[in-house]
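Subject: The structure for you to look at

Hi,

Here is the structure I promised to hand over. Have a look at it first, then read my notes below.

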Amino acid sequence: MPHHDDKPALSITGLRYRYPRATEDVIAIGSLRLEPGEQAVLSGRSGSGKSTLLHLIAGLMDPVGGRVLIGGVDIHALSGPKRDRFRGRTIGMVFQNHQLLHGFTVLENVLAALMFSRIPRATHHERALLLLGSLGINTPSARIDELSIGQQQRVAVARAVACSPALVLADEPTAALDPGYAAAAMDMLQDACRTINAALLCVTHDLSLIDRFDRHDRLEDQAAGTGSPASGSVPSPGTGEVV
């Protein structure tokens, strides 16, 4: 199922999630939409549900209500194996702790992501090397454990964009980095998404990242229903109401 640039990269309607045995929703978003190539940031304090939201969008968790469309496809309507394949081809993810495959080489980490893609297998090796080189990683045979934290972040970015996804999700992407490295990592991530016209949704509690994005909203406002389409916030299509 290819993604189409004439459809939103991400469209959320009525998304709700509640932890087991909880009495209130931790996630409640009336509507949120990102067009192809668009970049937005959601800020929120620790424990506000930022990681949960990304897991819901990626189909790693199921909501109690609502829909998440990626390139026009309802990810939660897909069965397990189909969902996994769709995620691998359509969504790139950058985690705060990278979640790279330790014990494997840099090249193997990117090739593992390409396994899910529709990109011809014969080109995988060359594509991975070119992508790593463009991000300043010229030691493809090095093992992940031999890299610095900053280098691991570069590999994580390469892995996230390797399949030319429609949407890249970034969960506190600079949390493990020193400030100097954080700025460089965000430059790489945003530039890589622009190059492949992927939408980028970043969640963070680091307020210094917000100025990098044209669109910003607070996750607490979304959940409380007080979000507004004011300048600089993430606008909601239709009524603009967020519940």
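Let's start with Arg 83. Leaving aside its neighbours within four places in sequence, Arg 83 is in contact (heavy atoms within 4.5 Å) with Gly 59, Asp 62, Ile 75, His 76 and Leu 78. Arg 83 sits in helix H2, residues 80–90. Helices (H or I, at least four residues) and strands (E, at least two) are DSSP runs, numbered from the N terminus. Is Arg 83 buried or exposed? With a relative accessible area of 11%, Arg 83 is buried. Buried means under 20% relative accessible area, exposed over 50%, and partly exposed in between, with a 1.4 Å probe and protein chains only.

Before going on, a word on where this comes from. It's a predicted model, where local features need pLDDT of at least 70 and side-chain atom pairs count only at pLDDT 80 or more, while totals for chains, interfaces and linings use all residues. Residues are numbered from 1 along each chain as its sequence is written, and side-chain values use heavy atoms, with hydrogens and water left out.

Gly 59, one of the contacts of Arg 83, follows helix H1 and has a positive phi, near 75 degrees. H1 itself (residues 50–57) is mostly covered, with six of its eight residues buried. Those are Lys 50, Thr 52, Leu 53, Leu 54, Leu 56 and Ile 57.

Now for the nonpolar cores. A nonpolar core is a set of buried Ala, Val, Leu, Ile, Met, Phe, Trp, Tyr and Cys residues joined through side-chain atoms within 4.5 Å. The largest one has 40 residues, and Val 106, Leu 132, Val 155, Val 168 and Leu 189 have the most contacts inside it. At least two residues of this core come from each of H3 (106–114), H4 (124–134), H5 (149–161), strand S7 (167–171), H6 and strand S8 (199–204). Which element gives the most? That's H6, with seven residues. Leu 189 touches Val 94, Val 157, Val 168, Ala 170, Pro 173 and Leu 200, neighbours within four places in sequence aside. There is also a second, separate core of 32 residues, including Ile 29, Leu 34, Leu 56 and Leu 78.

H6 (residues 179–196) also holds Ala 182, which counts as buried at 10% relative accessibility. Not counting residues up to four places away in sequence, Ala 182 touches Thr 174 and Leu 177. Its C-alpha atom is 8.3 Å from that of Gly 150, 32 residues apart along the chain.

Last, how helices pack. Axes are lines fitted to C-alpha atoms, for helices over the stretch in contact, and angles run from 0 to 180 degrees between N-to-C directions. The axes of H3 and H5 come within 8 Å and cross at roughly 25 degrees. That makes H3 roughly parallel to H5; angles under 35 degrees count as roughly parallel, over 145 as roughly antiparallel, 65 to 115 as roughly perpendicular and the rest as oblique. Val 106, Asn 109, Val 110 and Ala 113 of H3 meet Val 155, Ala 158 and Arg 159 of H5.

With H4, the axis of H3 comes within 9 Å and the two cross at roughly 120 degrees, which makes H3 oblique to H4. Among the residues in this contact are Val 106 and Leu 107 of H3 and Leu 129 and Leu 132 of H4.

Cheers
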